[in-house]
Amino acid sequence: MMKIFYSGIFCLLACKSLPVQNGGNSGREIWIADSTMSSLAADIGFNSAVLRYADSTMVKLSEGKPPIIGLQNFATSFDPLHDIKTIAWSPQFAEVAKSGELGYTWGTWKLNLPDTIHHGKYFTVWKKNQQGEWKVVLDGGNSGPGPGN
């Protein structure tokens, strides 16, 4: 829990120079949500972290697999006891619609396995719910070359 707290504090301090567009603080809010979700993944696993931030209507797009539509379908698509905890991602950009209700982040991810390291890019579409929380409505990504490529 302290790891998540410190990650959030770090992100708040760094937010002055974030590449966000439109929506002002809302862009920073989804940047922070995205970064905090990545920190949480190290503690509880990738899918479990996405599940915590997921909207009931969420769609998960995974490379080489059919889309998973809906929170319940996503929740039953993985085993939380064997969830991946060695993946981390970093947003590179965040933008929020002028309405302040919908936005997206995109960035890079890195998966450390015992015998190799995988890299890729991702995108996440966020929607603000009635409680004012940012929730994942669409998430996907692909593998690709490492940093600098």
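Strand 6 and strand 7 form a hairpin with 5 residues between them, and Gly 132 in the turn has a positive phi of about 85°. Strands here are DSSP runs (E, at least two residues) and helices are runs of H or I (at least four), numbered from the N terminus. The model is predicted: local features need pLDDT of at least 70, side-chain atom pairs count only at pLDDT 80 or more, and totals for chains, interfaces and linings use all residues. Residues are numbered from 1 along each chain as its sequence is written, and side-chain values use heavy atoms, without hydrogens or water.

**Strand pairing**
- Strand 6 and strand 7 pair antiparallel over 10 bridges; pairing takes at least two DSSP bridges.
- Lys 127 has Lys 135 in strand 7 as its bridge partner.
- Strand 5 and strand 6 are antiparallel, joined by 12 bridges.
- A hairpin of 2 residues links strand 5 to strand 6.
- Trp 109 stands opposite Gly 120 in strand 6.

**His 119**
- His 119 lies in strand 6 (residues 116-128).
- His 119 counts as buried because its relative accessibility is 19%; buried means under 20% relative accessible area with a 1.4 Å probe, protein chains only.
- Leaving aside neighbours within four places in sequence, its contacts (heavy atoms within 4.5 Å) include Trp 109, Asn 142 and Pro 147.

**Lining of the largest pocket**
- Strand 7 gives the most to this lining, with 5 residues.
- The lining divides into 13 nonpolar, 8 polar and 4 charged residues. Nonpolar covers Ala, Val, Leu, Ile, Met, Phe, Trp, Tyr, Cys and Pro; charged covers Asp, Glu, Lys and Arg; the others, Gly among them, are polar.

How values were computed
Buried < 20%, exposed > 50% of the residue type's maximum accessible area, 1.4 Å probe, protein only.
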